[in-house]
Amino acid sequence: MDDARLANEMTLDGIARQLNAIREDIAGVKADLTGVKADGTSVRAELASLRSEMKDGFNASKIRDEELRSLAKLGLEANQGLLETTTARFDATDKKHGEEIGLLKDVLRSRA
């Protein structure tokens, strides 16, 4: 800076202008910070809402998973019961047929 300009800036009017410019800059920074703070509050609120939605979705998914597991278990138990019943009936039928075949063989032997 040249001497004339430096002398002009060092007067009370020059200092006052510089202070006013600094005040305006600070006011602008304060306004920007207020906006940033409001945005931060908004982001926090949205994150809390999202967290709540995710928690609700996770809980609903967990409940559906438990219900599905119960249904699958019930289906497996029903299949096992059906298998046991069918096996018992086949065994009983095999035994009855074996007895009847034995009787037929005895009749055929006695006739022969």
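**Notebook: salt bridges and shape of a helical chain**

I started with R69 and D65, whose side chains meet in a salt bridge at 3.4 Å, N to O (Lys or Arg side-chain nitrogen within 4 Å of an Asp or Glu carboxyl oxygen). This is a predicted model, where local features need pLDDT of at least 70, side-chain atom pairs count only at 80 or more, and totals for chains, interfaces and linings use all residues. Residues are numbered from 1 along each chain as its sequence is written, and side-chain values use heavy atoms, without hydrogens and water.

R69 and D65 sit 4 residues apart in helix α2, so about one helical turn separates them (helices are DSSP runs of H or I, at least four residues; strands are E, at least two; numbering from the N terminus). R69 is exposed at 55% relative accessibility, while D65 is partly exposed at 38% (buried is under 20%, exposed over 50%, partly exposed in between; 1.4 Å probe, protein chains only).

Next I checked how many salt bridges the structure holds: 2. R109 also pairs with D106, closest N and O atoms 3.3 Å apart. They are 3 residues apart in helix α2, again about one helical turn. R109 is exposed at 57%, D106 partly exposed at 43%.

Then I looked at the whole chain. I found 2 helices and 0 strands, with helix α2 covering residues 12-111. The C-alpha atoms fill a box of roughly 150 × 25 × 10 Å along the principal axes. Buried residues make up 2% of the 112.
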